[in-house]
Amino acid sequence: MGCARRRWLLKSPDHSFSLPCLMKVFPDATIIQTHRDMSAVLPSYLNLVIYVHGLFNDAVDLKWTGEWWTAWFEFVLHRFVKDQSTMK
């Protein structure tokens, strides 16, 4: 009796960092990338980050946090697009 095939659903954008490795291990995987307006996503995400940082710090530098995470999201998106284009 074998294991039933089940579908994996990876929803975290962190998986985009390992896309080439993921496709090497699972060559028949299908990648479906949903799109959300970054002007809605980033402020929502930053609210979460600032809240969590505030739990462990007396002060959170809002300007630095906003700049750092904006640059991070830009890097992630560019890398994902680059990785997608090299796998075709």
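Me: Which residues of α3 are called buried, and what does the word require?
Reply: The buried residues of α3 are T65, G66, W69, F73, V76, F80 and D83. Buried means under 20% relative accessible area, exposed means over 50%, and partly exposed lies in between, with a 1.4 Å probe and protein chains only. The model is predicted, so local features need pLDDT of at least 70 and side-chain atom pairs count only at pLDDT 80 or more, while totals for chains, interfaces and linings use all residues. Residues are numbered from 1 along each chain as its sequence is written, and side-chain values use heavy atoms, with hydrogens and water left out.

Me: Why is T65 called buried?
Reply: T65 has a relative accessible area of 2%. The limit is under 20%, and therefore T65 is classed as buried.

Me: What is T65 in contact with, leaving aside its neighbours within four places in sequence?
Reply: T65 is in contact with L46, V49, I50 and V60, where contact means heavy atoms within 4.5 Å. T65 itself is found in helix α3, residues 62-86; a helix is a DSSP run of H or I with at least four residues, a strand is a run of E with at least two, and both are numbered from the N terminus.

Me: What covers the buried residues of α3?
Reply: The cover includes α1 and α2.

Me: How do you know that the span of α2 agrees with its number of residues?
Reply: The expected span is 1.5 Å times one less than the number of residues. For the 19 residues of α2 this gives 27 Å, and the end C-alpha atoms are 27 Å apart, so the two agree.

Me: What makes the buried residues of α2 line one face of the helix?
Reply: The residues concerned are V41, L42, L46 and V49. Seen down the axis of α2, they fall within an arc of 120°, and therefore they line one face; the arc is that of the directions from the helix axis to the C-beta atoms. The face turned away from this buried side carries the exposed residues N47, Y51 and L55. What covers the buried residues of α2 includes α3.

Me: Why is Q33 called partly exposed?
Reply: Q33 has a relative accessible area of 30%.
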